[in-house]
Amino acid sequence: MSRPTYAMPILETPEIAYVESRRAALADLAAVFDDHRESVLCVRIGGTDLSGLFGLRRDRDTTVWDIAVVRDALSDIVNQFARGGRYVVTGAVWEHIPGARLFKPQLRESPFLEQHAGSLRRRMIDDDVDALLREISLDRSNGLHGKTVIHPTHVSVVNSLLAVGWDEYDDACAIRDARGAGGAIASAHGRMNELGPHALWAEQVLARATAFGVVREGASLVELLALGQRAVAAEYGLAMSSVKVVS
């Protein structure tokens, strides 16, 4: 009996990096992928290779979205493949490069202090995870879901950031339940839910919730990060500082 074959094409070639050939190359690839749509699990971006074509490499303070020529390519890839929920497009691999730090950390203190998790914040900064958190947040804001990682401690960070917050889940359900209605409805979370423009957003949030779960009401991202880091430590025998998690 034959088994299905699945693909995860990686976009990282010069034809995609260079502006004069990019759009034609993406259109050609889209035609090929569409012919095999049921076999394409996701479209992955090779951020390291795209950067390398220009002799660039992001450091511990820089996200892939800060590299202008790569950012432009990412934008066109999302435009071609993610429109209308056509394909899942995943983020570029995160490179953990230890070294001297030039800029201040990207994690605020107050959320960690509220959860008595100051040591967790310090460790994440030391391990460059604060920049990873920032990059995942930018990935998500720009339509990328999922990420390639190079170290087991990054897995829980990616999963935590891609888990659906209670507020956005509640809004997505409200928009889904009002499907077919026009206009807008008030969100219980201090924003407007416009039923037409936000319909696809709601659909994608609910799909992400199925894959990554939903953070329970009242829980914080810091709690989720702390639990994830503890689980990784237990699984891989990594040394971890004591972190209090409020249940």
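N193 is buried, with a relative accessible area of 3% (buried means under 20% relative accessible area, exposed over 50%, and partly exposed in between, with a 1.4 Å probe and protein chains only). The structure is a predicted model, in which local features need pLDDT of at least 70, side-chain atom pairs count only at pLDDT 80 or more, and totals for chains, interfaces and linings use all residues. Residues are numbered from 1 along each chain as its sequence is written, and side-chain values use heavy atoms, with hydrogens and water left out.

N193 belongs to strand 5 (residues 192-194); helices (H or I, at least four residues) and strands (E, at least two) are DSSP runs, numbered from the N terminus. Neighbours within four places in sequence aside, N193 is in contact with D171, I175, G183, A184, I185, S187 and H198, where contact means heavy atoms within 4.5 Å. Of these, I175 is 18 residues from N193 in sequence, and the two C-alpha atoms are 7.0 Å apart in space.

An open sheet of three strands shows parallel pairing in the order 1-2-3; two strands pair if DSSP finds at least two bridges between them. Strand 1 (10-11) and strand 3 each have a single partner strand and stand at the edges, so one side of each is left without a neighbour in the sheet. Between strand 2 and strand 3 the parallel pairing extends over two bridges, and R44 stands opposite T90 in strand 3. Helix 4 lies across strand 1, strand 2 and strand 3 and runs at about 175 degrees to strand 2 (axes are lines fitted to C-alpha atoms, for helices over the stretch in contact, and angles run from 0 to 180 degrees between N-to-C directions).

The largest nonpolar core comprises 25 residues, and those with the most contacts inside it are L11, V43, I77, F81 and V89. Such a core is a set of buried Ala, Val, Leu, Ile, Met, Phe, Trp, Tyr and Cys residues joined through side-chain atoms within 4.5 Å. Two or more residues each are given to this core by helix 1 (14-17), helix 2 (19-35), strand 2 (43-45) and helix 4 (68-81). Helix 4 supplies the largest share, five residues. Beyond residues up to four places away in sequence, V89 touches V43, I45, I77, F81, A82, G143, L144 and H145. A second, separate core of eleven residues includes I136, L161, L162 and L225.

Eleven salt bridges are found in a search of the whole structure, a salt bridge being a side-chain nitrogen of Lys or Arg within 4 Å of a carboxyl oxygen of Asp or Glu. D34 pairs with R86 in this way, with the closest N and O atoms 2.4 Å apart. Because D34 lies in helix 2 and R86 in the loop between helix 4 and strand 3 (89-90), the pair ties together parts that are 52 residues apart in sequence. D34 is partly exposed, at 32% relative accessibility.

E168 and R208 also form a salt bridge (3.2 Å, N to O). This pair links distant parts of the chain, with E168 in helix 9 (residues 166-177) and R208 in helix 10 (residues 199-212), 40 residues apart. Both E168 and R208 are buried. A further salt bridge joins D139 and K147 (2.7 Å, N to O), and both of these residues are buried. D139 and K147 are linked with R58 and E135 in a network of salt bridges.

The structure holds zero disulfides (a disulfide is a pair of cysteine sulfur atoms within 2.5 Å). C42 is buried at 10% relative accessibility, and C173 is buried at 12%.
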